[in-house]
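Me: I would like to learn how to read the features of a two-chain model one at a time, with the general idea before each case. Please start with the backbone angles.

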Amino acid sequence: MSRSRSEDLRFGERLALRAIDLISTLYLGYKPPVNEEAFRTLGVRGYAKWSGATGRAMKVLAAGLGEAESQFVIGFSGLWLGCGYCGAGHIHAGNLIVFRDRNVLTALDDATLRDLYDTPDSEAIARLHELLCAPEDARLLGLITRLYELREGAEPGTEDDAYLELALSCWDWVTECTIVIGLEIPFESVPPLTPLAKNRKLLRRYSEARARSRAPGDDAE
Amino acid sequence: MAGLRYRFDRPDAPPPVVRVDLLESLDDGHEVAILAELAAATQGSPTTVVVGLSALTRYDPRLRPFLLALQGQISGEGGRAVYVADRPRLRGVALWVIHMSEDSQAKIVPNMAAALEWLRITDERVSSAEERTLTRLERLEGEQGGRR
């Protein structure tokens with residue numbers, strides 16, 4: 001960590017933060033609530049390296065694993081590390097992509113993610129097998145299972161492992177700052193952490209479909 | 001203080017290591033007792049402390065301020081801490097604590113085997129994650145570029 005986070009931001013850092021917040025809002029459709037913490041922790045140059053590498057990693061992962069799969073892998077990396085913000089936001093993005101492309105809802109709604117957040121590792125994989133049991137979920141289940149195995153110390157070997165290891169190390173780095181909000185934030189309040197957040201029409205359709213899918217009396221997602 | 005809510009242990013090897021396992025939610029008395037017991041065990045010298053959170057079955061909001069105090073005591077003496085937690089939310093609590101403490105040496109692992117492995121190495125958490133990320137990213141970008 002190149003800067004002491006308890007120090008106030010200097011004038012130049014505050015200006016740079018405003019510019020980054022503006023660019024983020026234009027690109028993503030919302031202002032990420034972690035930019036200030038990243039500036040405090042990493043400094044301006046450190047922030048540029050951190051956010052630049054994260055953007056590159058997201059592109060590489062999407063090209064290597066698929067657009068939706070990459071978002072689920074990133075989300076589960078963040079969730080495993082303890083960051084509810086990264087977990088909910090990237091899995092939300094993965095859910096939106098699946099809904100946009102296949103018009104289906106995955107089993108990974110916010111209530112399920114909250115449950116997984118408190119599930120011991122020894123039970124998590126069995127729970128994911130229950131949730132992702134449809135034939136079309138096989139690829140995603142395989143990736144997340146392998147992600148958990150690598151996290152537990154398995155030796156890399158499969159074709160996808162290099163991508164999974166990139167997600168794990170990159171979100172090790174990312175969650176160092178996002179954890180300041182990632183512990184308490186309600187999952188349902190986290191936007192999809194990609195430019196899909198600007199697609200209001202898709203967000204509305206998805207939200208309506210989720211509402212329809214819930215049985216009466218269920219907790220709201 | 002009723003019942004066993006934590007366990008304090010000083011394993012023989014590899015020294016100097018102290019292990020504190022939290023078994024259930026603590027009250028003020030337990031928290032004070034743990035900090036005092038730790039001070040007595042370390043005698044002000046840099047010590048590695050393994051903090052076990054895996055026996056906790058739920059997140060108690062009191063845990064964060066207590067771990068912050070514990071972390072402050074460990075790093076204040078020049079020691080390092082490794083947190084063992086098998087639930088994501090509790091790993092998040094530990095990450096929040098070590099981030100707020102600005103302790104780059106502290107680590108979070110999912111099980112005791114990983115903690116024992118970590119005891120053998122010296123690792124700077126954030127720069128290690130950065131280095132691993134950039135190395136993997138460059139390799140994969142190179143491979144993807146080569147395939148185009």
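Reply: Helix H1 of chain B is followed by Gln43(B), whose phi is positive, near 55 degrees; helices (H or I, at least four residues) and strands (E, at least two) are here DSSP runs, numbered from the N terminus. Before going further, note that this is a predicted model, in which local features need pLDDT of at least 70 and side-chain atom pairs count only at pLDDT 80 or more, while totals for chains, interfaces and linings use all residues. Residues are numbered from 1 along each chain as its sequence is written, and chains are lettered from A and ligands numbered from 1 in the order in which they are written.

Me: How many residues does H1(B) have, and what does it reach from its first C-alpha to its last?

Reply: The expected span of a helix is 1.5 Å times one less than its number of residues. H1(B) has 15 residues and reaches 21 Å, close to the 21 Å expected. Helix H2 (residues 63–76) of chain B has 14 residues that should span 20 Å, and its end C-alpha atoms, 19 Å apart, agree with this.

Me: Which residues of H2(B) are buried, and which exposed residues are on the face turned away from them?

Reply: The buried residues of H2(B) are Leu63(B), Phe66(B), Leu67(B), Leu70(B), Gln71(B), Ile74(B) and Ser75(B). They cover an arc of only 155 degrees around the axis, which puts them on the same side of the helix, the arc being that of the directions from the helix axis to the C-beta atoms. The face turned away from this buried side carries the exposed residues Pro65(B) and Gly76(B). Among the elements that cover the buried residues of H2(B) are helix H1 (28–42), strand E3 (48–52), strand E4 (80–84) and H3 of chain B. H2(B) is followed by Gly78(B), whose phi is positive, near 80 degrees.

Me: How should I read the crossing of H4(A) and H9(A)?

Reply: Two packed helices are described by the angle between their axes and the distance between the axes. Axes are lines fitted to C-alpha atoms, for helices over the stretch in contact, and angles run from 0 to 180 degrees between N-to-C directions. The axes of H4 (residues 84–102) and H9 (residues 200–213) of chain A come within 10 Å and cross at roughly 95 degrees. H4(A) and H9(A) are therefore roughly perpendicular to each other, since angles of 65 to 115 degrees count as such, those under 35 as roughly parallel, those over 145 as roughly antiparallel and the rest as oblique.

Me: Which residues make that contact?

Reply: Two residues are in contact if their C-beta atoms, placed from the backbone, lie within 7 Å. Here Leu96(A), Phe99(A) and Arg100(A) of H4(A) meet Leu202(A), Tyr206(A) and Ala209(A) of H9(A). Ala209(A) is partly exposed, with 13 other C-beta atoms within 10 Å, and, not counting residues up to four places away in sequence, it touches Phe99(A) and Leu105(A).

Me: How many residues of each chain meet at the interface?

Reply: 25 residues of chain B are in contact with 38 residues of chain A. On the side of chain B that touches chain A, helix H3 (88–100) and helix H5 (125–147) are the elements that give two or more residues, and H5(B) gives the most, with 11 residues. That side divides into 11 nonpolar, five polar and nine charged residues, where Ala, Val, Leu, Ile, Met, Phe, Trp, Tyr, Cys and Pro count as nonpolar, Asp, Glu, Lys and Arg as charged, and the others, Gly among them, as polar.

Notes
Buried ≥ 20, exposed ≤ 12 C-beta atoms within 10 Å, placed from the backbone.
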